[in-house]
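Look at the sequence and the 3D view first. Then follow the headings below.

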Amino acid sequence: MEHLGAETLLMLKTEGDITLMVKVDGVSHVRSGDSVSLGVRPEACQLFNAAGKTVVFSAIASPE
Amino acid sequence: MTYVSLENIAKDFGTTRVIKGIDLSIEQGEFVVFVGPSGCGKSTLLRLIAGLEQMSEGRLVIDGRDMTAVDSANRGVAMVFQSYALYPHMTVADNITFGMRMNRVDKAIIAERLERAATMLHLQPYLDRKPAHLSGGQRQRVAIGRAIVRDPSVFLFDEPLSNLDAALRHEMRVEILKLHKSLGSTMIYVTHDQVEAMTMADKIVVLNGGHIEQVGSPLDLYLKPANRFVAEFLGSPKINCFETVVQAVDKGVAILPLPGGATVSLPLDSADISKGDAVTLAIRPEHFVVGETEPQKSKRRWSWWSTLVLKPC
Ligand SMILES: Nc1ncnc2c1ncn2[C@@H]1O[C@H](COP(=O)(O)OP(=O)(O)OP(=O)(O)O)[C@@H](O)[C@H]1O
Ligand SMILES: [Mg+2]
């Protein structure tokens, strides 16, 4: 974990042992070893095919 | 309207083609930044535009004039190098005016241009000093001053700030942008610095292995990369990438598993991918929302993942 002042960089490890870098605003109270849930909007995802080319999708938000 | 036009430009060194057919249009007054991994051809492309290297193929047009066979000195371009390339035995003033004196420009014009450049770059107090007695930032200002007095139609910068410390780099970045605004000149700028590229450019050109991966505004490249290379090249820390397999495509909506067991649904624009295809899902570090507890299920806009454990570090 690294505090950069206005934002905090978290290094999270998922079950499959995949490491994620997550940047949050402000100072995070999350500590090493804590469990956290993580959300992502579909429109924030990017998708690439096996050749590395972007697969375009429309960022339609499903109703709440 | 296009001001600088690169048309299918190629460059061979011996039998190796290092620039592989570059097409690029630059508008007058645009600030264009070239980025790409080391060895991808940024400096070579800049040197081809400057006329310091001969093109193997293609055409260069500046302001409607075919410059392909025109001498470097007559192209109306000025280049600023990372290494400053100042004459150590000359004063700042003499370094700045050297080219004009060689070309026997009128003394009054020389004095006027020197005055203007020195004012813009805050160099008046140092005009009688030798480069050895200047800081790195001041030396780079002299090198920029030397380019300004040539009154070029295009400025070319090859990593001009990479020898400076972070604070100075920031200051010089602001200076160069001010200069760009007051001169209104077309500028092409090579950098390794992500922040420089994202904050300075009207248009970023991402180069890779001698060809262009994508051209666009910083935000467009960041949010709508044409491919994985561009997505991974821009952004610090790097975008998170997961190799995954399309779980299903239902009525044009692809379901993709996320690490931890959740899935995300993406409505596809075309039938590019189908069930079972290997794909890469990528998410920028700042595009996550972190919660300490499970969110309410009603928030269907979000794809929530199962709980993750913070890696001790
Ligand atoms: N004079 C030369 N003779 C032979 N090969 C060269 C010459 N100049 C450059 N090259 C090769 O051309 C390729 C592109 O080099 P170039 O200097 O343009 O890369 P670059 O993108 O500026 O890299 P860097 O980010 O490290 O400055 C490299 O593979 C380099 O080795
Ligand atoms: Mg270079």
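## A facing pair of residues

Val4(B) stands opposite Ile62(B), which belongs to E4(B). The two strands here are E1 (residues 2-13) and E4 (residues 57-62) of chain B, paired in the antiparallel sense over five bridges. Strands pair if DSSP finds at least two bridges between them. Strands (E, at least two residues) and helices (H or I, at least four) are DSSP runs, numbered from the N terminus.

This is a predicted model: local features need pLDDT of at least 70 and side-chain atom pairs count only at pLDDT 80 or more, while totals for chains, interfaces and linings use all residues. Residues are numbered from 1 along each chain as its sequence is written, chains are lettered from A and ligands numbered from 1 in the order in which they are written, and side-chain values use heavy atoms, with hydrogens and water left out.

## The four-stranded sheet

E1(B) and E4(B) belong to an open sheet of four strands in chain B, ordered E2-E1-E4-E5. Its pairing is antiparallel. Strand E2 (16-27) and strand E5 (65-66) of chain B are the edges, and each pairs on one side only.

What lies across E1, E2 and E4 of chain B? Helix H1(B) does, and it runs at about 120° to E1(B). Such angles run from 0 to 180 degrees between N-to-C directions, with axes fitted as lines to C-alpha atoms, for helices over the stretch in contact. Contact means heavy atoms within 4.5 Å.

## Around ligand 1

Helix H1 (residues 42-50) of chain B also gives the largest share of the shell around ligand 1, three residues. Among the residues surrounding ligand 1 are Phe13(B), Lys42(B), Glu159(B) and His192(B). A residue counts as near if one of its heavy atoms lies within 4 Å. The shell divides into four nonpolar, six polar and two charged residues.

One is 2.5 Å from an N or O atom in the side chain of Ser38(B). A backbone N or O atom of Gly39(B) lies 2.8 Å from a ligand 1 oxygen. For a polar backbone atom of Cys40(B), the distance is 3.3 Å.

## A sheet across two chains

A second open sheet has three strands, in the order E5(A)-E15(B)-E11(B), with antiparallel pairing. Strand E5 (45-48) of chain A and strand E11 (240-245) of chain B have a single partner strand each, so one side of each is left without a neighbour in the sheet.

Six bridges join E11(B) to strand E15 (residues 278-283) of chain B. Glu243(B) has Thr280(B) in E15(B) as its bridge partner.

Technical notes:
Polar contact = N/O pair within 3.5 Å; in protein donor to acceptor, adjacent residues only side chain to side chain. Nonpolar A, V, L, I, M, F, W, Y, C, P; charged D, E, K, R; others polar.
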